[in-house]
Each structure stands twice: as C-alpha cells, then as structure tokens.
Amino acid sequence: MEILIEDHQMLLDSATGYLAKKQNVAAFRALRDADEPLGYDVAAYKQMADLGWMGLVLPEEHGGSDFGYRAAGLIAEQMGRNLTAMPFVSTAILSVTILREVGGEMLSEWGMKIAMGECVVALAIDEGVKHRPEQIKTQAVRDGDGYLLSGDKTFIADGMGADRLIVSAMLEGELALFWLDPLEACFGTSCCDLAPQRLLDHRNYANFHIKNCRLNENALIAKGELAERALTKALCVARVVVAAEQLGMAKECAARTVEYLNTRKQFGVLIGVFQTLQHRMAHLYCELEQTSSLVAQALNAIDENAETAEKLSRAAKAKVAKLGRLATEEAVQMHGGIGMTDELDLGLFMKRDRVLAEFLGDANCHIDWLLREQNI
Amino acid sequence: MDLNFSAEEEAFRGEVQAFLKEKLRPELSAKMKLGGAPSKAEMEEWHALLNDRGWLANHWPKEYGGAGWAPVKKFIFELESELAFAPRIVPFGVSMLAPVLIKYGSDAQKKYWLPRILDGSDWWCQGYSEPGAGSDLASLKTSAVREGDHYIVNGQKAWTTMAQHADMIFCLVRTSKEGKCQEGISFLLIDMKTAGIDVKPVITIEGGHEVNEVFFTDVKVPIENLVGEENIGWTYAKYLLTYERTNIAGIGGSIALLGHLKQAAQKRKKHGKPLLDEPYFAARVARVEIALENMKTTNLRVLADVAAGGAPGAESSLLKIKGTVIYQELTSLMRRAMGAYAAPYFPEAADEGFNGQVGPDEALHAAEDYFNHRKLSIFGGSNEIQRNIVSKMMLGL
C-alpha cells in the first residue's frame, strides 16, 4: 500500500537490505549483552553516513542530500523494524534541524562533519519525569564576555560519547541554546558531570549535571525568538521520525505474530485458525495502516512547510503511542509464555517502545497540546 | 453471607488485620508495596509465621493440620493479606498439591508429604506445561515407563515457576498412548535431586528469573510416588486447576495497587497540578476503579454462591479474565505516572542496600512490574482459553 517517489523507493530498498543484513535485531542484542555505555557500533555509524543517511535533511552545499523528512522517516521505520541502535534521531534529525535554523558558520562547519559521520551531537533538553521543553529550569547568566551555566539535564539520548551537546537554558528570561563540548565542560572540575543512565531499552543515555560551567560567548548559538523557532521545529520533526521508528517496531511485531499464528499448533491445529485471534490481528492491521497514513501525512506536511505540520506531528506521536502498546502487548499475548522470555525478541521491542512512548512527549502531553492550542 | 460479610466474618477480618499488624515486618511489606519480589528466605519466613498461627494450610481439613476455613474466611484472609502487602502463600505445595493428595493420595502419601509441606521441609514446583503443550495441556509428551519398582521419566517441562528453589516437583506424565490424549496421563511426585534432572533458567522480559525449563533424562521415580491410579492423572489435574479459585481475581492486590497508584499520582505534578487531576489520566484511573469495584461485587456473588453450596465453574474464568486485565491496567498506569523515571533499568535493584534509583521510590519497580505482569493474561490458562471455557460452559457454544 506504500506509494513512494522513485528516489524514496531506492533509498528504502537500500536501507532495508543494509539494516536487515548488518544492523538487525541480533546485532542490537549483541550490543545490549555487551552493556557498553556507548550502545552503538562506531564503524556502522560511519557506514550509515557513507550511505548518505546522516545528511538526509541537510542542504546539498553542506554535504547533505536534502531528501527531506519523509525520507528520514522511511529510514527510521526500517531502523525500528531492526531495532537498530544509532545516533540518528539525536544527530541527523534533532541537531541538524537546529543547526539549519541557526545557519551561518555553525551550519557550514558542523553540517559537513555530521554528514560525513565524523561527529555525534546530542540535544540536552529534558530535566525530569516528563518531557516539558517549555518549562526549563537550567539557567545561564552573563559572566564578562561569556556565560555561566547551571542545571540538570536528564536522559540525553546519545549523550555518552557525544562530541557536542546542545543545551537548552533560560538566559535573561528567554530561551537560549548553548553549544558545548561535554569533555571540555567537565574537564578539571567536579562541578560538571556527564554520567551514563541505563534505560530499559539499553540505548545510550546520559544525565548531565552542570554547575557554574563557564562558557565563552560563541557557545550561545540561539536566543529568544530564534531559539524558540529552532527548538520548536526540531522537536516537531523529531517526534514524527520517532513515531516512524515506533511504527516500524509495531509492524515487525505484527509480522512476527502472524508468522507465529501460522506455525504454532495447539489442539492439533494452527492457532491462527481461531477466530478470536484472527479478529484481533485484523484490528491491529487496521490500526497499523491508519498510523502509517498519519505518519506519512505528518512528514509530508513538514517537507512542504505546511501550517498543519505541528498539529499533525503531535497527532502522529500520540497515535503511535497507542499503536505501539497494542502491537507489542498483543504480540506477547499471542506468543503465550514464549513471548514473555528474554530469549525471544518481542521484549526488546516492547521495552524500546515504552521508552520511545515517553521520549519527546507521551500521548497525553500531545493530546493536551492539541486541546489547548487547536481547540479540537 | 449475601453481598456483605456477616458479623462473625467481620470479627475474623479484624483478627487477620491484627495478626498482619503484629507479624508482618514493615520492611518486607514496604518492599512488596514497591513491587519488589520476596526472596526465598522471605517467603519461608512468612510461611513459618503463618504456620505457627495455624493459618498456612488454612483451607485443609483440621485432621491434616489445616484450619478448615470455609472459602469466605480464606477469601477474607487473602484480601487482607494483599491489602497489607504481605507475601502470597506460595501455592504449589499448600494450595495445589495438598488438596490432590488429601482427595486422591494414599494414607502413606498423606502422612509423609503433608507435614513436610507445613513445616517447609519440601519446596514444591509444578510440572504441567511443556513446549508443545501450553493451552493444549493434554497433548503433553513427557513419558513415564514402568520398569520394576520404578518409572523411567523422559521429557521436558516448561514455565516451571521457582524450580530453582524446589526440592520436589509434581508432574503430569504420559503413561499410555492409547485412547484420547487425556486418558493416558498420570500424576507423579519427583525428587528434584534425582539423577537426570536438569533445571535451566528462563529469563523473562523484565530481566527476572521466576520460570525455568526442567529436563528429564532417564529419571528413576519409585512407584510409590504415583498419586492415585495410573492413567487417571488428568482427573486429578483438573481438580487441582478448579480447586478454590474464588480469589483468582486478586481483588486485594488490585485495591492495594490502586491506592498506591493514587498516592503516587497525587504527588506527581503536571503543569503544577497533581497528575491525578489531569483529565485523561483521571479518566483512566476512574475507569479502572469502577471496573475494580464492580469486580469486587462479582467476586462476592461467586463467594456467596459457593458458601451456599455451589461449585465455582466457569465463574472462575470470569474472575480470571477481568481480574488480570484490571491488574495489568493498574501496572500500566503506574508506569505511565512515573513517566521517564520508570525507564531507568537496575537489575541490581533487588539487592540489599541498593540506593542508585532515579526519581521517587514508586518508580523503582514500575516498569519491571508492568512488563512482568504481562504474564497474568497468559499463565494459568490464557485469557483466550478462559473465554473458550465461558463459551462452552456458560453459553453452550
């Protein structure tokens, strides 16, 4: 049911082949069992950049292909199907989108590096139990020709080993975005600390404790209206790319369940002949298709700079949260006891899904926004 | 009783509450409240306290060392224990095997095994499911072949809860391939230390070790460990599965978890207001609270029926389906209420003195609890199988 333009179809075909072969669920399981804070394969990250994925939303003059967010969503969906662990959303989507809004030398210098797979840039935005980017407690104050930064950032995706962090903070009552090297910030001081935080999905997360961190003046890359615009845009696009990843995970769980229903025998028959299971799978299929439509529509709206983009991005993230829960819970239930085991992969999908359901805002947070801002 | 407890039953409830207040260690109760699993030592400690009071084998007849409680008293005891976050009585020996032995076992078996269940000499586990025999239990293949004074057992059991702690296993084994598959099954008691038994852990999605695979290779079992008659084991197994399932909905556990959830959601703030005041969250909590209150009444109706001499049949299925769905929804809400704080993963959280948590205490096991309790709708006859039972027994379909 997918109708794609030729460029997108080619990209999708190459992604499907590469990920299924090199960055599949078995590869992720090996990373999990190794239990390293980095949580991804550095060599594979470079390969992914060579395939052009890091520059999908970068302009051509900065090393990218400018294929757009729909294309990035297709890649993310395949990463979801394979549980691929890569600093893709953090660097190629969130950070690149902010750099694009900031423009100038920042974009020309760092855009190229990102496109080449030479660096990882993570966004330090969350500060606690829920995603509340509009309620930032991290504070920056002017200090001579520079700034002093203090605050606590939690669950920074791909924060461990990141070459740079973009940190949101309040400066003179306005939102500001700071660009800093975490090693430099923590070097020779006990005031700042970047520490790994292991979450259920066994990916790379960091907590960043910052106290009176001295930054020079060019660390401030956006302030006020520019900062608001850059952050709003980055969160808008990233939440749909994340939704695409969750969609891929849901599709994979459904596919594996259908296969199981057609192999597992009880009472002398394949369990797929039971109507009670058939109807539930049919319901899941309808929800998968509905969500596919919404994710594609939201990504297209972003690529077209449509006014509806923000609204659709929130709707897509809220919708996929329900879908992800349905797909993973039904997969475990229909696999029976074996679905409960760590040895089968379903639990890995389920745990990743629950972490992503919270990441960049849960369903209620976005429904809440739609009610308040759109009077739906 | 009708839908309320009698004065006598209310007095008994007070007695149970007083016992729990006096005997249940606050640290153990606090650990259970946060979703932590009791250790083997903690379960044994609780069993010993109950046994001292004569309440461990509360539903056994008095002549075997039980308290002879009627289902209503047993229900009240379990309800209050769950509300107080006490450990559950480990069911395998006390509640599953013992009733079968009492009804179908030989005098020698009763005399030997029952006291050992009471004093904790034997920790039992249950060998029913197999890789190819889950919902379709009667298709089980583990075989027992008679050779002189012994059976020789070969095969594999799956999902064996707490086999890693067990001294003994009661098993359904195939002793005949003649006739319908239900007709060639026997009920065998097997010492876990016998040569040829291999226990392999199965780690579940939340990272815990509750279940195991148990492999049998030429395991010699003395014939006196056969319960009842050869090839009639299915009858005993069914008796065991339907025995006293009047608390299968686990109402007390759900009521306790709901209270815990509401406290946690009151403390958590969203836009400066308690999460419990947020309309979507509040609506979900309200829905599950209504379902739970409703479930309680249904449970009391089933109890009243049993008290009046009825036998719970497919009503057990109704209690299981509704009760597990409610509990799963509560764990899901708890995990959501904790938001990102439920996501940190600490396999070492069960260790003594662990203090590396992120966020409030309630967050520590919230995700683990949610993932672990996906099992509720699968084990003990999946909810799909329960619906089959309802269709067949209640609707005649």
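Two residues are in contact if their C-beta atoms, placed from the backbone, lie within 7 Å. By that criterion, 33 residues of chain B are in contact with 27 residues of chain A. This is a predicted model, in which local features need pLDDT of at least 70 and side-chain atom pairs count only at pLDDT 80 or more, while totals for chains, interfaces and linings use all residues. Residues are numbered from 1 along each chain as its sequence is written, and chains are lettered from A in the order in which they are written.

On the chain B side, the elements giving two or more residues to the contact with chain A are α9 (279-307), α10 (315-338), α11 (366-372) and α12 (383-394); helices are DSSP runs (H or I, at least four residues), numbered from the N terminus. That side divides into 16 nonpolar, eight polar and nine charged residues. Here Ala, Val, Leu, Ile, Met, Phe, Trp, Tyr, Cys and Pro count as nonpolar, Asp, Glu, Lys and Arg as charged, and the others, Gly among them, as polar.

Within chain A, helix α5 (residues 88-102) packs against helix α6 (residues 104-115) at an angle of about 155°, their axes 8 Å apart (axes are lines fitted to C-alpha atoms over the stretch in contact, and angles run from 0 to 180 degrees between N-to-C directions). The two are therefore roughly antiparallel, the term for angles over 145 degrees. Among the contact residues are A:V96 and A:L99 of α5(A) and A:L107 and A:W110 of α6(A). The residues of this contact comprise eight nonpolar, three polar and one charged.

A:I93, also in chain A, touches A:V57, A:A72, A:F88, A:V237, A:A238 and A:V241, leaving aside residues up to four places away in sequence.

Notes
Angles under 35 degrees count as roughly parallel, over 145 as roughly antiparallel, 65 to 115 as roughly perpendicular and the rest as oblique.
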